Amino acid sequence: MTIVVSCGEPAGIGPEVAAKAWEATRLPLLWIGDPRHLPRGTPVAEVSGPEEAEEAAPHALPVLARDFGPGAMPGEPNPVHAQGVIDAIADGVRLIREGRARALCTAPISKEALIRGAGFAYPGHTEFLAHLGGDVEVVMMLACDALRVVPATIHVPIAEVPRLLAPDLLEGVLRITHASLRDDWGLPSPRIAVAGLNPHAGEGGLMGSEERTVIGPVLERLRAEGMDLRGPLPGDTMFHQEARAGYDAAVCMYHDQALIPIKTLDFARGVNATLGLPFVRTSPDHGTAFGIAGKGIADARSMIAALELADRLSKRRGVPWRR
Ligand SMILES: NC(=O)C1=CN([C@@H]2O[C@H](COP(=O)(O)OP(=O)(O)OC[C@H]3O[C@@H](n4cnc5c(N)ncnc54)[C@H](O)[C@@H]3O)[C@@H](O)[C@H]2O)C=CC1
Ligand SMILES: NCC(=O)COP(=O)(O)O
């Protein structure tokens, strides 16, 4: 069964890295988008559905063709394309729900282009997919060989993090992360490190209180259920090599606390996966990279890693849509 790849922002590097990743892996993908946005020379097999992808994939990139209207200008998102970009994601999810595809790999979108061009109501794929998955609670994980990280709050202004960091939210994030490490990653007893919010994890309450009022009590409660949770740990000292050896995933309190270490360690091969969905979704860790779009120089290793992870996780799950 095929892995669906949504086109992402046509003015970015998404179409290029998808074409390069197909070339490198020949996995039975189904790319949904306007084939005119693919790099010139990409061998394309237009198919009418995912069922035809397997046969086509060894020779050409299987494409479920959409007409986005005007062509794409590298680096300059066209508002007219925004709805097509959103629809490609939703179509991919529909194919999985219908049991016709086994996973979704999303190429990067420009959140700003979709919000401005089509009034997109979500700050990213993660939140949109949570809605399409049945308004479920989800978690963003970024993973590479050296590290897995989870930001407890995701696409929100930093000023709002302390208010949003409620015990219920943190508990949900930890439960979903723990269940996914066990069921999707095959770790029978996951070890999770949890960062504090404040410098030095609050320095005994002298540099902030969330570690004592929110994070600590949630960890105590879940430890009592048998989860292996370390922390709250100072965010600045939990990512060096020796520290990383002590846990399977790090749950962080905000976006950059989680993403800076992983993108610094392995930007080229990091993968973003959404946990808690009824289906498997992965994505490269990078964005649209408008500055290099159309130049043919984009590095496809993160997209390849995202496809390989989607392949592995969906095979492990065995069903396209878990109810
Ligand atoms: N999953 C998604 O849809 C994601 C979307 N984005 C969106 O992408 C847009 C741009 O975000 P930025 O913060 O600039 O991050 P970015 O990842 O697009 O670019 C950061 C830097 O890395 C370089 N770069 C990125 N990917 C590369 C690749 N595959 N090969 C070679 N160089 C690469 C870029 O040229 C740039 O210098 C934003 O609108 C953001 O919201 C960002 C991350 C994920
Ligand atoms: N920085 C990660 C990111 O923006 C990915 O967001 P999403 O579109 O996968 O929700």
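A crossing is called left-handed if the near helix is turned anticlockwise from the far one by less than a right angle, and right-handed if clockwise. Helices (H or I, at least four residues) and strands (E, at least two) are DSSP runs, numbered from the N terminus. With those terms in hand, H7 passes H8 in a right-handed crossing.

The structure is a predicted model, in which local features need pLDDT of at least 70 and side-chain atom pairs count only at pLDDT 80 or more, while totals for chains, interfaces and linings use all residues. Residues are numbered from 1 along each chain as its sequence is written, with chains lettered from A and ligands numbered from 1 in the order in which they are written.

An open sheet is formed by 12 strands in the order S3-S4-S2-S1-S5-S12-S11-S6-S7-S10-S8-S9, with mixed pairing; two strands pair if DSSP finds at least two bridges between them. Its edges are strand S3 (44–46) and strand S9 (228–233), each of which pairs on one side only. On average, and ignoring direction, neighbouring strands of this sheet are turned by 30° against each other. Axes here are lines fitted to C-alpha atoms, for helices over the stretch in contact, and angles run from 0 to 180 degrees between N-to-C directions.

Within the sheet, strand S1 (residues 2–6) pairs in the parallel sense with strand S5 (residues 101–106) over 5 bridges, and Val5 stands opposite Cys105 in S5. Helix H11 (residues 301–317) packs on the sheet, where it touches S1, S5, S11 and strand S12 (280–284), and its direction makes about 170° with that of S12. Contact between two residues requires their C-beta atoms, placed from the backbone, to lie within 7 Å. Helix H7 (residues 167–183) lies across strand S6 (139–144), strand S7 (147–151), strand S8 (191–195), strand S10 (249–252) and strand S11 (271–275), and runs at about 165° to S10.

The helices also pack on one another. The axes of H7 and helix H8 (residues 210–224) come within 10 Å and cross at roughly 45°. H7 and H8 are therefore oblique to each other, on a scale where angles under 35 degrees count as roughly parallel, over 145 as roughly antiparallel, 65 to 115 as roughly perpendicular and the rest as oblique. Pro167, Leu170, Glu171 and Leu174 of H7 make this contact with Val214, Ile215, Pro217, Val218 and Leu222 of H8. By class, the contact of H7 with H8 has 8 nonpolar, no polar and 1 charged residues; Ala, Val, Leu, Ile, Met, Phe, Trp, Tyr, Cys and Pro count as nonpolar, Asp, Glu, Lys and Arg as charged, and the others, Gly among them, as polar.

Helix H1 (residues 14–25) packs with H11 at an angle of about 60°, their axes 9 Å apart, which makes H1 oblique to H11. This crossing of H1 and H11 is right-handed. From H1 come Val17, Ala18, Ala21, Ala24 and Thr25, and from H11 come Met303, Ile304 and Leu307, giving a contact of 7 nonpolar, 1 polar and no charged residues.

Helix H3 (residues 82–97) and helix H4 (residues 111–118) pack at about 115°, with axes 8 Å apart, and are therefore roughly perpendicular to each other. H3 passes H4 in a left-handed crossing. Ala82, Gln83, Val85 and Ile86 of H3 meet Ala113, Leu114, Gly117 and Ala118 of H4, and these residues divide into 6 nonpolar, 2 polar and no charged.

Around ligand 2 stand Gly124, His125, Thr126, Leu259, Asn272 and Ser283, a shell with 1 nonpolar, 5 polar and no charged residues.

Most residues other than glycine have a negative phi, and most peptide bonds are trans. The peptide bond from Gly231 to Pro232, however, is cis, with omega near 0°, and Pro232 lies in strand S9. Asp135 has a positive phi of about 55° although it is not a glycine; Asp135 sits in the loop between helix H5 (125–132) and S6.

Notes. A residue is near a molecule or strand if its C-beta atom, placed from the backbone, lies within 6 Å of it.
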